[in-house]
Amino acid sequence: MGDYQRLKELLLGDERAELDRQRERLAELARDVEHDRAGLPRELPRLLREAQRGDGRDKLVDALSAPVASALGTAVREQRQTIVDALFPIIGPAIRKAIVEALRDFSDGFNRALESSLTPRGLKWRFEAWRTGVPYAQVVLKNTLSFRLDHLFLIERDSGLVIARESAPEVADLDADAISGMLTAIGDFVRDSVGGDAPGSLASATVGEHLLWVVEGPRANLAVFLRGVPPAQLRLVLQERLEQIHALLPEAPADGAVTLPGLREALDLDRLRHAAALDPHAPPKKTRPWPLVLVALAIGGALAWWLVNDWLWARHLHDAEKALRAWPGVHVDGIDGSRRGAVVVRGLIDPLAESPRAALAQLLPPDTSLAFEWRGYVSTDPALVARRARQLLAPPEGVRVAFADGRLALRGVAPAAWVAAARERAAWIPGVAVLDLDALHAAEDPSAAQEAELDAVGEALRELKVEFVRETEAADPAPLEAMRAQALRALELAAMLGYDVRFTCHGYNDAPGGDVLNRALRERRAEWLCAELARRGVPADRLSRGDSVADAAEAPTIALRAASLRLERARSADGK
Amino acid sequence: MTELARKVCMLGDFGVGKTSLVSRFVRNTFSDKYLTTVGVKVDSKHVALPDARTVKLVVWDIAGKSALDALNLNYLRGATGLMLVADGTREASLRATLNLLMQARDVLDDPAVVLVVNKLDLVERWQVAPATIAELRRTLPVVETSAQSGDGVEAAFAELARKLAA
């Protein structure tokens, strides 16, 4: 060793020794790492198990979830066949199970439909299906499937512990934990005994009317104890509820019964039963409108029938009231026809009036009950006054009684004593304001007969009319001839009795035509009558044209295309 | 969380008295015939804890076997407590019970365990030596019981409940 080497040794010996130690240590560490790397695959399962102890499981899940999901996605894209092969044992049974369930449901429905098709109840259900648009099978199910939910357990899948439960209030309580535990054990037993490693477990069990359904989920199962015949829809509803519940469950396994927001609602028995009664997957109902249309038509028809009858009844009542108000000697206070088929008339009636019952019976519908509530009164109706005058005065034959506008006129020939009595009594007759006895003659008067005849001639002339076909073309000459005869007789009688007699010719027209034309036509007809009578022997100086008065009639009628003659008399100036 | 509940499995060789112990402890809901048919019978009972809480033990009485088959291992799933039962008059039953514990540990994640040595009423015929029991107590809570007289039964379950609620 040279000095330089010795000096180096003296100066750097410690550091070199330290450097050698560190180099040796590094080499040792590198060997250890290599050793650990070689042993890692062997130790990894153990390390993973240890990593899951305590809260390590959650951390491990957090750490692995993202890369495992990515790896699964990559595997699905790049090694699809491998994934398909791996899932094949799951997909096959799932498809088979779905097909079996569907066939079982179809078979059940078909059998029920066959059993109920030709019975009265079946026909009723068919009508209901037709009316509501719901498939017949659903109507049958709705009416035949009666069930009751007794208990519902949400069971932790591995431990069999009850996470939550609901029971109907009327059923006896039971040891839910023991039952759910046994149920879990029996499910395992059945799967182990029947299915081996196949997925799935006990799905349902039946004892008499009691039925147990188990709906499986990845972390919890729903076990429902029910009675009766539940609809297949219920299982679907339970599966949906179980999916909802899984979204609510915490990640850690439950230590027993838990209370979670929404869990109670998801398990509520009434809601489940209601949801099972409805079919959320059913297409919107196409309600057939015909039943409603028929009902609406029936209601509308009944309403129309009622309205028509009501209108007819009101019209009958109106006609009856109109007739009653025009009935002589009757004053109507009111007519009560509120109850169809019965009429009550309240009012006043003159004892001399005729009963309106028969006339009203003809105006009202057959079988109408008609009742009157009358009170007596004295009517001033002209017909009644005339009737009362005849009753009180008892006119002898040859005396005519007329009443109008408060004037009572007695005409004819009667004994002087009766005339005197009549003059006295007539003033007392209710309704008589003026007594007209100018045409009443005492039989003892020698000229009475001529007087009476002259009165009769005047009235006869009043009744006569010459009718025209058109303009002044007379339809029949007979009335004209009769007028001439009456007029000449009147002149004779007037001469004997000392009267100055004059005749007035009047013309009439019917509705068509303007006022000016009709007025001229009336005047021409009056002039024609005067001229014809004069031509036939009636003194022209006794004839004159009367005032032209328009007629109120509207319809064209020959009775209005006429001319008439009026007799007017007055005592002659010589006082004869 | 409204109620604490724990699944407890009874493990032990045939004839060690598991079912009798359970019958002493709980009100029997189901018939014992399930043990011979399904291989398990489940009952439950509330146990009061020293801190005034209660824990509901759901006890799975698994039919006695010296080794657990696949079905029995399924029954163990989700259990957080094990009640190991041995017959003091048969030392072999103690070894079988300890073997069952080893099997169960492969399925369960650190379960609470209580070892029960039964048939204390026949203590004069016991094959299990007190020294053995003393040695076992170093690793496990050991309770000596008599299903016939009821001695130690409540204490055994109370101990398990206490460990489960800890």
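## Interface between chain B and chain A

Chain B and chain A bury about 2200 Å² between them, and 58% of that area lies on carbon and sulfur atoms. The model is predicted. The contact involves 28 residues of chain B and 23 residues of chain A.

Four residue pairs, both members at pLDDT 80 or more, are in polar contact across the interface of chain B and chain A. On the side of chain B that touches chain A, the elements giving two or more residues are strand 1 (4-12), helix 2 (33-37), strand 2 (40-48), strand 3 (54-62) and helix 3 (70-76) of chain B. Strand 2 of chain B supplies the largest share, five residues. By residue class, the side of chain B that touches chain A has 13 nonpolar, six polar and nine charged residues.

## Salt bridges between the chains

Side chains of opposite charge can pair when their charged atoms come close. Between chain B and chain A the count is four salt bridges. One of the four pairs A:Asp158 with B:Arg77, with 3.1 Å between the closest N and O atoms.

A salt bridge also forms between the side chains of B:Asp109 and A:Arg53, at 3.6 Å from N to O. B:Asp109 is in the loop between helix 4 (91-107) and strand 5 (112-118) of chain B, and A:Arg53 is in the loop between helix 1 and helix 2 (56-78) of chain A, so this pair joins two chains. B:Asp109 and A:Arg53 are both exposed.

## Salt bridges within the chains

Over all chains, the structure holds 42 salt bridges. In chain A, A:Arg46 and A:Glu50 form a salt bridge in which the closest N and O atoms are 2.8 Å apart. The two residues are about one helical turn from each other, because A:Arg46 and A:Glu50 are four residues apart in helix 1 (residues 3-51) of chain A. A:Arg46 is partly exposed, at 36% relative accessibility; A:Glu50 is also partly exposed, with a relative accessible area of 39%.

In chain B, the side chains of B:Arg137 and B:Glu144 meet in a salt bridge of 3.6 Å, N to O. B:Arg137 has a relative accessible area of 42% and counts as partly exposed. B:Glu144 is partly exposed too, with a relative accessible area of 29%.

## A salt-bridge network in chain A

Which residues of chain A are linked in a network of salt bridges? The members are A:Glu481, A:Arg484, A:Glu532, A:Arg535 and A:Arg536.

Note on methods: Residues numbered from 1 in each chain as written. Chains lettered and ligands numbered in written order. Predicted model: local features only at pLDDT ≥ 70, side-chain atom pairs only at ≥ 80, totals over all residues. Heavy atoms only, no water. Contact = heavy atoms within 4.5 Å. Buried area = accessible area lost by both parts, 1.4 Å probe. Polar contact = N/O pair within 3.5 Å; in protein donor to acceptor, adjacent residues only side chain to side chain. Nonpolar A, V, L, I, M, F, W, Y, C, P; charged D, E, K, R; others polar. Buried < 20%, exposed > 50% of the residue type's maximum accessible area, 1.4 Å probe, protein only.
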